[in-house]
Every structure is written in C-alpha cells, then in structure tokens.
Amino acid sequence: MTILITNCRLVTPGLELESASILVENDRIRAVLPAGAALPAADRIIDAAGLTAVPGFVDVHCHGRNNADFSDGSVEGVNRIGRGKLEEGVTTLLPTTLTLPEQDLAASLRSIAAYDGKGCRMPGVHLEGPFINPKCTGAQNPAFVRNPDIEEVKRLNAIYPVRKVSFAIEQPGGVELAAGLLRLGITPSCVHSAANYAQFRAGYTAGLCNLSHFCNQMTPLHHRDIGLVGAGLLLDEVRLELICDKLHVSPEMIALAFKVKGAERILLISDAMRASGMPDGEYTLGGLPVIVRDGAARLKKGGALAGSTLRLNHALHNVAEVTQKPLHEVVAASSLTAAESVGLSGIGRLTPGYLADIVLLDADFEVVHTFVGGELRYSRN
C-alpha cells in the first residue's frame, strides 16, 4: 500500500520545505519530494492543500483523557485514551501511572496490555511514583508513597514493558534504583523530589539524565544551592520535560529553557489527566478530587495543580509563539527528543526509513489528519 501526500509544508527537525510531497509505503516513509520533483504513482493521493506536515507527536507523560485514566485499570478507558490522543496529533504515547498500591499498578498495566491498538502507539509505560519524596507529593496520593524498589519495577515490567520511572533520587535506595533501571534498559527520571544539587549529581553519575515536569515539584534554583532546576539548566546531558501550557511553567521560563538547552534536550509533555478533551467540572486524579476551571486542573483540597488538560499540538504552538524560533528548530521537542529519551528509534522525523507517523496541521496548529505507521487514523470533520 502506497500513499502520496502532496502540496504540504514539510517541517521536520532541522529542515523546512515550503512545498513538498511525502511518499509512504506500508508503515514507512519512502521518499520526501521537494516542489517540482516528478511525483510517483501511488495507491492513494491526499492533497494537503498547504497544510503543515510534522512528525507525529510523542507524549511520554500522560495520565488520561476523555474522562478516562490509565490508573482506572479499564481496557475500555485505555482504548478511549488511545483514540482521543490522535485528535491532538499524538502517535506514540507512554501511559503514565500514579502513586498507588502495587496491585493497582499491576491492574493498570494489565489493562494497557489489552489495548486494541487502534489509536496511537503505546510501546511501554511510564511509572510516575510511587518512589517519591512524601514532602513533595503534589497531586500524588501520600498514602501510597514508598521507598525505591527495583524488584517491584521488575514485577510490573513482566506484565507490560516499563520504559520510564520517575522518582525522588534522594530517597533511600534512589541512586541504586537509577543504576538498576539503566541495566534493565529503563529510563530513570527525577521528580517529586527535594534533592539538593549534590544528591542529584550522585544520581547523574549513576546515569540519571532526565527531569520530569521540569520546575514542578522539584527544588528551585537558588544562589547557594542550584537544586534540580539549576542542575537541569547547567548539565548539558540532562533532558527536561516541560508542560508548556503557560501555567505549570511561565512563558519566560519556557523561553529560558529553550535558550539554554535547545529542542534536542527538551521534551514537550501533556501530563494530561482525565479532564483533557472534556469540559470544566469536577474530576479525580489518583482518587483525589480535582476541580477543572478555565482548563486548569487543581486539587479540590489545597489547590495544587493536578496534572493538566493540555494537548500536544497546543504545547507546540505555545513554544513556537513564546520562543519565536523557526518551527524546524523546536519541533524535535514534540517528537524526536521524547522518542530518543526512552530508547525508541525510527520515530520523530519525516525522512525516508522512519515510521510514517505524520500529522497535518492547519495554520492555527489544529490537527486535520493523523497517520500512525502510514495508516490514516484520524481526520477532522
């Protein structure tokens, strides 16, 4: 099966073509053709009519959507989230769990293992918690916090592949967990943490090079101890997850992070909860009551931010607007950098040989079409 997408503006990391065509064969991109090139025959031709083609978005930190949460342990809910994420251009997703008892986490992973695969791709899960600092729980449930335990991760990994674990490096056994995760091919990431710079450096020496939802629930920059925020900005190899809704992180911090790190070290994430794609109202996160007002999700008790309702296409739009950088300079943050951070190859570029994960956006960054592995799985009515 071949598909030819014609008359698109093509934007991929490091390259922008004002007019181009993309030839897809089965699940891969076969050729990118600039304006004026002879167009080959194809089984199906789609005229993009000036829409912008970008690599399918990769969201490595998402709890839910469409009034479903991965921690519900519902197969129907997993299927609903997988389809819903296509509406925002996400083609690869790491379902993200919460700080819960192990039996509940196992139930969540079993439901993900039963996913019907008809929405976006789900190659593994992200465990956010339960190995966090009890003083930095944010919207996580403090009743289920426990110390790092690689054996628990192994048990969960046997149910469905674990690609990433976010935890507090300063907790007992934190450095050993980071090293153990790396031996298993799992990305360690630090968050919900009160670690000082020296404590993070101990984890960094063991191979810890990621910070989850950067700036949120981590030690801030201070002139006597630069903490986790300072470590993220100072150390070149550290990748930063950013919730670019202009609420979790201010526009000025977004601009600073991109100025210092560049898109090759920044991952755009949604950190979305079940209210994403839904109207304002009352919801839950990890069993905790949440109120969503004007799109902002906050715990009913205390008012802490409780994930987001952000869509990845809007996150990319915000970054382009705030940084004023050309789209080809920042688009890696929504695709390639995230894929590489969890060991996924062949994803995140519009180039021959890569998976044909393609999103067509209009001038307002709204999603018109989403292709997953060469299959058109979403079209805006």
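A crossing of two helices is called right-handed if the near helix is turned clockwise from the far one by less than a right angle. In this predicted model, that description applies to helix α2, which passes helix α3 in a right-handed crossing.

**Two helix pairs**

Helix α2 covers residues 102-113 and helix α3 covers residues 150-157, and the two pack with their axes 10 Å apart at an angle of about 30°. Because angles under 35 degrees count as roughly parallel, α2 is described as roughly parallel to α3. On the side of α2 the contact is made by E102, L105, A106 and L109, while α3 contributes E152, R155 and L156. Sorted by class, the contact of α2 with α3 holds four nonpolar and three charged residues, with no polar ones.

A second pair is formed by helix α7 (residues 251-261) and helix α8 (residues 312-323), which pack at an angle of about 80° with their axes 9 Å apart. These two helices are therefore roughly perpendicular to each other. Here P251, I254, A255 and F258 of α7 meet V319, V322 and T323 of α8, and the residues of this contact divide into six nonpolar and one polar, with no charged residue among them.

The packing values of the two pairs are set out below.

| Helix pair | Angle | Distance between axes |
|---|---|---|
| α2 and α3 | about 30° | 10 Å |
| α7 and α8 | about 80° | 9 Å |

**Cysteines**

How many disulfides does the structure hold? The structure holds zero disulfides, and the distances between sulfur atoms show why for two of the cysteines, since a disulfide requires a pair of cysteine sulfur atoms within 2.5 Å. For C120, the closest cysteine sulfur is that of C62, at 8.1 Å, which is too far for a bond. For C209, the closest cysteine sulfur belongs to C190 and lies 12 Å away, again too far for a bond. C120 also counts as buried, because its relative accessibility is 1%, where buried means under 20%.

Is T12 buried or exposed? With a relative accessible area of 5%, T12 is buried. When its neighbours within four places in sequence are left aside, T12 is in contact with P55, H328, V331, R349 and L350.

Key
Residues are numbered from 1 along each chain as its sequence is written. This is a predicted model: local features need pLDDT of at least 70, side-chain atom pairs count only at pLDDT 80 or more; totals for chains, interfaces and linings use all residues. Side-chain values use heavy atoms; hydrogens and water are left out. Buried means under 20% relative accessible area, exposed over 50%, partly exposed in between (1.4 Å probe, protein chains only). Axes are lines fitted to C-alpha atoms, for helices over the stretch in contact, and angles run from 0 to 180 degrees between N-to-C directions. Helices (H or I, at least four residues) and strands (E, at least two) are DSSP runs, numbered from the N terminus. Angles under 35 degrees count as roughly parallel, over 145 as roughly antiparallel, 65 to 115 as roughly perpendicular and the rest as oblique. Contact means heavy atoms within 4.5 Å. Ala, Val, Leu, Ile, Met, Phe, Trp, Tyr, Cys and Pro count as nonpolar, Asp, Glu, Lys and Arg as charged, and the others, Gly among them, as polar.
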